[in-house]
Amino acid sequence: MFLENSKSHYSPDYTIDDPSSMSFARVFAILFSSVTGIMNGANLSGELRKPSESIPRGTLLATLFTFLCYILLGLTIAASCQYELLINNYSFLIPINYWSGFVVIGLSAATLSAALGNLIGASRILHALAKDGLFGLPLKPAAVTVAGGNPIPAVAISFCLVMLVLLIGSLNLIAPIVTCFFLLAYASTNLACAALDLASAPNFRPKFKLFHWSASLTGLFGSLVMGFLVSYIYTPISIMIMLGLMIVLHLRSLPDNWGSISQALIFHQVRKYMLMLDPRKYHVKYWRPQIILLILHPRQNAQMIKFVNDLKKGGLYVLGHVFPSVLNLEQMVIDPSEEAMPEWLSIVDELKVKAFVELTLAPDVRAGAQQLIRISGLGGMKPNTVCLGFYESAAVREAARLADQQSHEPGVINLSASPSQHHGWFSTPSSTRDVATPSDYTRLLGDVLQMGKELLVLRHMHALDSNGLGGRGKRQIDVWPVNFFQPGLKGYIDTTCLLQLQFACILNSSRRWRRDCRIRVFLCVDAGSNLDELTKQLDLLLGDLRIQAQTHILDWQHVVGEANPMSDGAISSAYLTAANQCIRLQSPETAAAFLYLPRPPSDPRMHAQYLEQIDILTKDLPPTVLVHGLHKVFSRNL
């Protein structure tokens with residue numbers, strides 16, 4: 001009899017009408033429902049005194065005990081009962097047992113224990129979901145508890161859901177549905193364990209010493225394969241339901257305090273690829289801007305932050321801020337940079353920019369800026385371009401502060417109620433006591449170039465509207481590759497001019513600018529020069545660089561008129577005023593302009609004059625980016 005019953009001959013029983021519907025997968029689905037209590041211990045972890053010890057011990061012992069019982073029961077039944085009896089009588093154990101009452105008692109105990117275990121476990125999970133507010137109002141009633149902390153409403157809701165499933169009326173129909181959902185739950189658990197181990201999370205130390213990620217992946221794929229074998233309809237449906245719930249949680253963006261495995265996996269992969277990003281293998285063909293923006297008050301410079309975000313072209317973007325302090329760190333109750341970090345990260349989220357934040361504490365702003373420029377980034381991702389706002393006069397700063405207090409522009413962060421006070425002097429600070437001298441600012445510009453970084457100085461960014469364009473009808477991105485401080489170099493294209501073209505092209509390729517704006521390049525030449533030949537050469541250069549732009553050649557004499565460029569050995573104010581007026585005449589529809597930034601003088605006595613000359617040149621212009629480049633950023637041989 002045992003040998004006869006050990007053969008495979010699946011056939012329908014008296015509850016099934018379709019003879020071809022019975023198979024190994026169908027029998028597996030029905031039997032699998034009997035071993036779904038393996039997660040009951042984990043579901044009741046909140047009720048256990050020592051869950052880390054009780055869950056693995058209880059789960060393993062229960063699994064072993066159940067396995068032995070089922071194996072012994074299966075073998076003894078196969079050796080003592082005919083095949084026809086097993087097919088046609090579900091209660092065959094009652095008449096053949098030593099005492100029929102044992103079977104009745106066993107069935108009652110097994111049914112009640114399994115039902116109550118799953119009911120209580122499911123209700124605890126439902127209560128936890130409702131308590132955390134993961135799905136909002138629909139689960140809010142399940143969060144209610146009575147005396148003793150028992151979630152009676154969650155139990156009642158779970159009971160009603162179970163009753164709805166039982167209305168199907170047939171175990172053979174219910175079992176595949178239940179099995180698919182349980183297999184998906186086990187697959188998710190295996191995936192989480194494998195991910196934790198592969199991510200090398202230091203705090204993931206399972207007490208089961210024989211654990212290995214390969215076993216979890218085996219369980220993951222085994223659960224998914226058996227799910228599709230049991231039902232190729234219910235399994236995809238259950239997966240889509242799970243993905244739908246995950247999408248809902250992602251869209252709700254709830255603040256969580258239990259940690260996310262995705263962060264551990266991202267860290268693991270990012271670290272691995274950062275080690276592969278070798279700066280020694282850099283090539284100019286793959287140059288991209290890696291920008292650090294030194295900034296004071298985000299509230300007053302929200303447009304600047306968003307503008308620089310459009311210049312990064314998928315590169316590194318860092319917001320840097322310095323807390324100048326004469327106190328040592330041991331004299332402080334808390335590090336102000338650590339205290340302010342959550343606030344700055346919320347600013348990044350609010351402005352919807354893809355940026356990192358670096359804060360530092362230093363005796364003065366210049367030293368702090370040098371720290372940020374040197375240490376920001378990691379490995380092959382370190383800033384190669386430094387941006388900062390222009391050094392405005394005290395009157396301009398005060399006007400900006402008053403306008404900021406009266407502004408209610410959407411998207412501008414209100415930090416007036418912030419407990420931490422931001423100090424520094426990177427553009428439009430709140431008071432004159434926060435501002436360093438013109439000489440300190442000019443020295444910082446020299447420091448940036450001395451450290452081998454490209455330099456961008458931004459001015460008039462407040463003229464940008466919330467969409468990034470300079471008002472209605474602003475359709476031009478102008479490039480002036482002319483060093484107005486050296487009139488003898490008219491028409492000369494150097495690394496700074498090429499960097500201007502590069503950033504103008506990057507800005508025009510960003511989503512907010514490419515639809516409505518176009519690039520114009522202005523080049524000033526001496527009177528009598530062959531304008532057609534110069535235009536042809538410039539168009540050829542732009543063609544080799546694959547930049548679509550309109551070229552405009554201006555006669556230098558028409559630019560400056562009768563103004564004498566030099567006065568007492570220095571650039572005359574009349575000449576710079578004439579150049580400023582020329583730029584303004586060409587800019588009625590300019591959304592942004594890129595100008596040549598001369599190298600700062602090394603003589604401290606000329607620092608104030610240097611800033612005054614730049615102020616004259618850029619006065620009342622559209623949003624302006626002053627550029628000074630050191631390195632090659634284009635390759636004409638791709």
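# Exercises on a predicted protein model

For "transmembrane region", an unreviewed UniProt entry lists residues 20-39, 60-79, 99-121, 142-168 and 174-198. UniProt positions follow the numbering used here, feature names are shortened, and annotations may be inferred rather than shown by experiment. The model is predicted: local features need pLDDT of at least 70, side-chain atom pairs count only at pLDDT 80 or more, and totals for chains, interfaces and linings use all residues. Residues are numbered from 1 along each chain as its sequence is written, and side-chain values use heavy atoms, with hydrogens and water left out.

## Exercise 1: Two of the listed spans

Task. Determine how much helix and strand residues 60-79 and residues 99-121 hold.

Solution. Begin with the rule: helices (H or I, at least four residues) and strands (E, at least two) are DSSP runs, numbered from the N terminus. Next, take residues 60-79, which are 100% helix and 0% strand, with end C-alpha atoms 29 Å apart. Then take residues 99-121: this span is 96% helix and 0% strand, and 33 Å separates its end C-alpha atoms.

## Exercise 2: The protein as a whole

Task. State how many helices and strands the protein has, and what share of its residues is buried.

Solution. The secondary structure comprises 22 helices and twelve strands. For burial, the cut-offs are under 20% relative accessible area for buried, over 50% for exposed, and partly exposed in between (1.4 Å probe, protein chains only). Of the 638 residues, 39% are buried. The protein exposes about 35700 Å², of which carbon and sulfur atoms supply 62%; such areas come from the Shrake-Rupley method with a 1.4 Å probe, and for residues only the protein chains shown count as cover. Finally, consider contacts, meaning heavy atoms within 4.5 Å. Among those between residues at least 6 apart in sequence, 78% join residues at least 24 apart.

## Exercise 3: A nonpolar surface patch

Task. Identify the helix that gives the most to the nonpolar patch, and classify leucine 245 by its accessibility.

Solution. Patches are made of residues with over 30% relative accessible area and no salt bridge, like charges being joined within 9 Å and nonpolar side chains (Val, Leu, Ile, Met, Phe, Trp, Tyr) within 5 Å. The members here are Phe181, Phe228, Tyr232, Ile233, Tyr234, Ile237, Met240, Ile241 and Leu245, with about 910 Å² of accessible area together. Helix α11 (residues 234-252) gives the most, with five residues. Leucine 245 lies in that helix, α11, and counts as partly exposed because its relative accessibility is 41%.

## Exercise 4: Salt bridges across the sequence

Task. Find how many salt bridges the model has, and which parts of the chain arginine 366 and aspartate 447 link.

Solution. The criterion is a side-chain nitrogen of Lys or Arg within 4 Å of a carboxyl oxygen of Asp or Glu. By this rule there are six salt bridges. In one of them, the closest N and O atoms of arginine 366 and aspartate 447 are 2.6 Å apart. The pair links distant parts of the chain, 81 residues apart: arginine 366 is in helix α15 (residues 365-375) and aspartate 447 in helix α17 (residues 438-450). Arginine 366 is partly exposed at 28% relative accessibility, whereas aspartate 447 is buried at 12%.

A further salt bridge joins aspartate 615 to arginine 459, with the closest N and O atoms 2.4 Å apart. Aspartate 615 lies in helix α22 (residues 607-618) and arginine 459 in strand β5, so this pair ties together parts 156 residues apart in sequence. Arginine 459 is buried, with a relative accessible area of 6%, while aspartate 615 is partly exposed at 28%.
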